[in-house]
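Please look through the sequence and the structure shown here. The paragraphs that follow lead through it step by step.

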Amino acid sequence: MKTMKPIISETVYKILSNLIKRKKTLEIKPLGEELSKAKIVKDNFLDSKIVSLYSIVEFISSSLKKPMRLQIVLPEEADLKQRKISILSPISIALLGFKETDRFTWKMPSGFKNLTILKVLNY
């Protein structure tokens with residue numbers, strides 16, 4: 001399990017906190033748990049290589065044969081055809097707040113996965 005703390009900007013923290021308050025569902029609980037552990041930084045201090053809301057992330061998992069690239073978005077913007085994945089998905093929660101080159105183990109619905117973040121693009 002990863003013991004590193006996710007790093008999240010103040011703006012993204014506010015957006016996700018509001019999302020958690022609006023959606024009182026079971027799928028929201030893991031996001032709340034990650035936010036409670038996060039180190040919150042001023043927006044202009046967030047490293048550009050850290051995964052955030054709207055980041056495009058390329059990563060590899062122990063269960064994948066090749067790297068996967070996706071963009072983390074709000075639930076209403078999710079579109080699998082465009083590789084836009086909801087922040088509420090287990091993989092988005094796993095990647096949020098971590099940076100390029102980070103390697104860690106994360107508990108997914110299908111079991112423990114070793115993840116490596118290969119590239120992070122923030123626009």
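A search of the whole structure, which is a predicted model, finds one aromatic pair. Rings of Phe, Tyr and Trp (its six-membered ring) count as a pair if their centres lie within 6.5 Å; planes under 30 degrees apart are called stacked, over 60 edge-to-face, and the rest tilted. The pair here is formed by Phe98 and Phe104 and is tilted, with 5.2 Å from centre to centre and 40 degrees between the planes. Phe98 is buried because its relative accessibility is 1%, and Phe104 counts as buried at 6%. Buried stands for under 20% relative accessible area, exposed for over 50%, and partly exposed for what lies in between, with a 1.4 Å probe and protein chains only.

Residues are numbered from 1 along each chain as its sequence is written. Because the model is predicted, local features need pLDDT of at least 70 and side-chain atom pairs count only at pLDDT 80 or more, while totals for chains, interfaces and linings use all residues; side-chain values use heavy atoms, with hydrogens and water left out.

Helices (H or I, at least four residues) and strands (E, at least two) are DSSP runs numbered from the N terminus. Two strands pair if DSSP finds at least two bridges between them. β6 and β7 run antiparallel and are joined by six bridges; the bridge partner of Phe104 in β7 is Leu115. A hairpin of two residues connects β6 to β7. On β7 there is also a pairing with strand β3 (residues 56-61), again antiparallel and with six bridges, in which Val57 stands opposite Val120.

Pro109 sits in the loop between β6 (103-108) and β7 (111-121). Is Pro109 buried or exposed? With a relative accessible area of 74%, Pro109 is exposed. Pro90 is 19 residues from Pro109 along the chain, and their C-alpha atoms are separated by 7.7 Å.

The next topic is the core. A nonpolar core is a set of buried Ala, Val, Leu, Ile, Met, Phe, Trp, Tyr and Cys residues joined through side-chain atoms within 4.5 Å. The largest one has 31 residues, and those with the most contacts inside it are Leu16, Leu31, Ile87 and Leu95. Two or more residues of this core come from each of α1 (10-22), α2 (29-37), β3, β4 (68-73), α3 (90-95), β6 and β7. Contact means heavy atoms within 4.5 Å. Leaving aside residues up to four places away in sequence, Leu95 touches Val51, Val57, Phe59, Ile72, Phe104 and Ile117.

Leu31 belongs to α2, whose buried residues are Leu31, Glu34 and Leu35. Seen down the axis of α2, these fall within an arc of 100 degrees, so they line one face of the helix; the arc is that of the directions from the helix axis to the C-beta atoms. An α-helix has 3.6 residues a turn, so residues three or four places apart point the same way. The buried residues of α2 pack against β1 (7-9), α1, α3 and β6. On the face turned away from the buried side, α2 carries the exposed residues Lys29 and Ser36.

Two loop residues remain. Tyr54, in the loop between β2 (39-41) and β3, has a positive phi near 75 degrees although it is not glycine. Tyr54 is partly exposed, with a relative accessible area of 34%. Arg83, in the loop between β4 and β5 (84-86), has a positive phi near 60 degrees, also in a residue other than glycine. Arg83 is partly exposed at 46% relative accessible area.
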